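Reader: Could you take me through this structure, starting with a side-chain contact?

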Amino acid sequence: MAQKTNDFSKWYIDTIQKADLMDYTPVRGCIAFKPDGYEIWEHIQAEMDKRFKETGHRNAYFPMLIPESFFQKEKEHIEGFSPELPWVTEAAGEKLEERLALRPTSETMIGHLYSNWIKSYRDLPVLINQWANVFRWEKKTLPFIRTSEFLWQEGHTAHVDEKDARKETMQMLTIYKEVVEGLLAIPVYDGQKTPSERFAGAVDTFSIEAMMKDGKAVQAGTSHYLGTKFAEAFDIKYLNKENTHEYVHTTSWGTSTRLIGSVIMVHGDQQGLVLPPKIAPTQVVLIPVGPWKKNPEIINELDNIYAALKAEGIRVRLDDSDQSPGYKFNEWELKGVPVRIELGPRDLENKQVLMKARDEAEKVSVPLQAIVESIKQELETMQTRLFEKAKAFRAENSHQHIETIDQLKQHLLQAEQNGTIPGWILAGWCGEDACEENVKEQTKFTTRNIPFNPPTTKNTCLNCGKEAKHTVWFARAY
């Protein structure tokens, strides 16, 4: 296992492979999700889907292939995505009359169909989500975080007016924040993207941003207010109560399997993967120790514990393989299993087990009669503990004292010399694109978002020193 502090990227790849979450395929930038990796996504998917349906959304599915002419209808959209689009130009041995893109996102296809589906104010709002794969031909890839094909959900809604659409935009961002913090134990900052960072074709883009253990940022979810741009491009009109036609106001919002990569980067340690209990494919592993094969009572007791945990809905595995206990301990730690239970002859005599949480150093003894409740409590405690650890790490590596670009450069130099991570900085921005771009060119720090509730307000622009219009998080990002 690579040292996390010396080579974070190598550590990340080692952690993923040793945890058996994915495998590479012959197609550049495309990975295969192995069962544990995909099950993490299923748990995220289940929680998101439940929240979507509670707020009136329904799932549908739209084609993967999108005609080139659709992209031409919304110029800003095609300009934003054209460098990443893979094209189908031939089928059944014949050249196609029109190139078809593998979807990078589905606004254009869905806009075309909504123009047929929406006729009257009675048809609104349209609240649809789809679970799908999308393609963006990335030049630099990293499993889960940035791949040429990835899994995601994309919501696409249509509304009678701006007020209703903006309410939807913020509602979905709030759901994302609640799920990422509550399920993945990852603290995020919610806020508005700057114009240069917003989604291609959006009026406004809002995001949740998460800090990784190397100090870089991951955009963990986005929600976009699209105004009437796509409605005008695809002629999505409705007949209002006054019997006149109006363009609908649309939104789109999405999260992806980069959340899996975020979990690994936020919670992992030098021993490998650490999974929050709520998303762990295996929450508890039971391991017999000592000469357990000569003592059938040990396995009998573990079988009883297994059945009791299963009855409580806990995802549990019994490892009765022939490997040594030390090998098993190491293997299940690499897989990030939250709780390990050990039972040997002496434990059986004392009517107890040894319990170890993945993120804690010490084992604790637990009476057999209290085992189920103790495990349930530990799973809850660990979920909260991981969130608080991540929150403390973020606070420790968020800097509010940097006022100028020269101070930022000095901060970066010191971090490089000391072998520490530069983290994020909270700074002022005058609102000029040129200032934002210069900071990026000079430091590789980009604006992450304009937080809704910044810890403090900045008064001068980081780059030019003029009065700041916005207080912004800056960071290097994946």
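Author: The side chains of K193 and E209 are joined by a polar contact of 2.8 Å. A polar contact is a pair of N or O atoms within 3.5 Å; within protein, one must be able to donate a hydrogen and the other to accept it, and residues adjacent in sequence count only if both atoms are side-chain atoms. This is a predicted model, in which local features need pLDDT of at least 70 and side-chain atom pairs count only at pLDDT 80 or more, while totals for chains, interfaces and linings use all residues. Residues are numbered from 1 along each chain as its sequence is written, and side-chain values use heavy atoms, with hydrogens and water left out.

Reader: Is K193 buried or exposed?

Author: K193 is buried, because its relative accessible area is 3%; buried means under 20%, exposed over 50%, and partly exposed in between, with a 1.4 Å probe and protein chains only.

Reader: Where is K193 placed?

Author: K193 sits in the loop between β9 (189-192) and β10. Strands are DSSP runs of E with at least two residues, helices are runs of H or I with at least four, and both are numbered from the N terminus.

Reader: Which backbone oxygen lies 2.9 Å from a polar atom of the K193 side chain?

Author: That of R448. Neighbours within four places in sequence aside, K193 has contacts (heavy atoms within 4.5 Å) with residues including T205, Q219, T447 and N449.

Reader: Changing topic, how many residues are in the largest nonpolar core?

Author: It has 48, and Y12, I44, F144, L184 and I264 have the most contacts inside it. Such a core is a set of buried Ala, Val, Leu, Ile, Met, Phe, Trp, Tyr and Cys residues joined through side-chain atoms within 4.5 Å. Among the elements that each supply at least two of its residues are α1 (8-18), α2 (35-54) and α8 (258-267). Another core, of 25 residues, lies apart from it and includes I110, Y114, F230 and I236.

Reader: What lines the largest cavity?

Author: Its lining includes E107, I110, Y114, H156, F230 and I236. The largest share, four residues, comes from α5. About 80 Å³ of space lies in this cavity. A cavity is a set of points on a 1 Å grid over the protein atoms alone where a 1.4 Å probe fits but cannot get out, and lining residues have an atom within 4 Å of a point. Points are joined across faces, edges and corners, and the volume is the space filled by probe spheres set on them.

Definitions and conventions: On a 1 Å grid over the protein atoms alone, a cavity is a set of points where a 1.4 Å probe fits but cannot get out, and a pocket is an open set with protein on both sides within 12 Å along at least five of seven lines; lining residues have an atom within 4 Å of a point.
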